[in-house]
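I'm jotting down what I look up as I go.

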Amino acid sequence: KYNSIHHSFQRAVAIHSTDYTLTKGNVGFDIVGHMFFVETGMERFNVLEGNLGVGAIPLLSGMLESDQEPAGFWTAAMNNVWRDNVAVTGSDGWYFQLPGTPISHSMD
């Protein structure tokens, strides 16, 4: 909660195969690729609230193809709460990639 993440070479926050987290009041600035990233489609019941993403920078090679037009907030999982977040980017504020099945599986 309440962090500033700036000039990162990849992501401000990544939530990967995790449930019941709170990501609140954070600012991501000048981040390469998607900024606030809920990764695989397995994540559930996480709350992202009151976060600000400013200035996502395109990642021209590597990670996801969609990182070439990065979003402030990106998800592959809809079973999460997104409340009062703001994105100020040159591309997409929000990007929802909703697969029929999770992109990867948990180690359980």
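Before the core, a term: I call a set of buried Ala, Val, Leu, Ile, Met, Phe, Trp, Tyr and Cys residues a nonpolar core if they are joined through side-chain atoms within 4.5 Å. Buried means under 20% relative accessible area, exposed over 50%, and partly exposed in between, with a 1.4 Å probe and protein chains only.

A note on the source: this is a predicted model, where local features need pLDDT of at least 70, side-chain atom pairs count only at pLDDT 80 or more, and totals for chains, interfaces and linings use all residues. Residues are numbered from 1 along each chain as its sequence is written, and side-chain values use heavy atoms, with hydrogens and water left out.

**Entry: the core.** I looked up the largest nonpolar core and got 12 residues: Ile5, Ala12, Val13, Ile15, Ile31, Met35, Phe36, Val38, Leu48, Ala56, Phe73 and Ala77. Strand E2 (13-15) and strand E5 (36-38) are the elements giving two or more residues to this core. Strands (E, at least two residues) and helices (H or I, at least four) are DSSP runs, numbered from the N terminus.

**Entry: the sheet of 4.** I found an open sheet of 4 strands in the order E2-E5-E8-E11, paired in parallel. Two strands pair if DSSP finds at least two bridges between them. At the edges I see E2 and strand E11 (92-96), each pairing on one side only. Neighbouring strands here are turned by 10° against each other on average, direction ignored. For such angles, axes are lines fitted to C-alpha atoms (for helices over the stretch in contact), and angles run from 0 to 180 degrees between N-to-C directions. Inside the sheet, E5 and strand E8 (residues 71-75) pair over 3 bridges, and Phe36 stands opposite Phe73 in E8. Phe36 and Phe73 are both on my core list too.

**Entry: the sheet of 3.** Another open sheet has 3 strands, ordered E3-E6-E9 and parallel. Its edge strands are strand E3 (22-24) and strand E9 (81-83). The twist averages 5° from one strand to the next. I count 3 bridges for E3 with strand E6 (residues 47-49), and Lys24 has Glu49 in E6 as its bridge partner.

**Entry: Gly50.** Where does Gly50 sit? I place Gly50 in the loop between E6 and strand E7 (52-57). Gly50 is partly exposed, at 37% relative accessible area. Leaving out residues up to four places away in sequence, Gly50 touches Gly25, Asn26, Arg83, Asp84 and Asn85, contact meaning heavy atoms within 4.5 Å. Gly50 and Arg83 are 33 residues apart in sequence, yet 6.5 Å apart in space, C-alpha to C-alpha.
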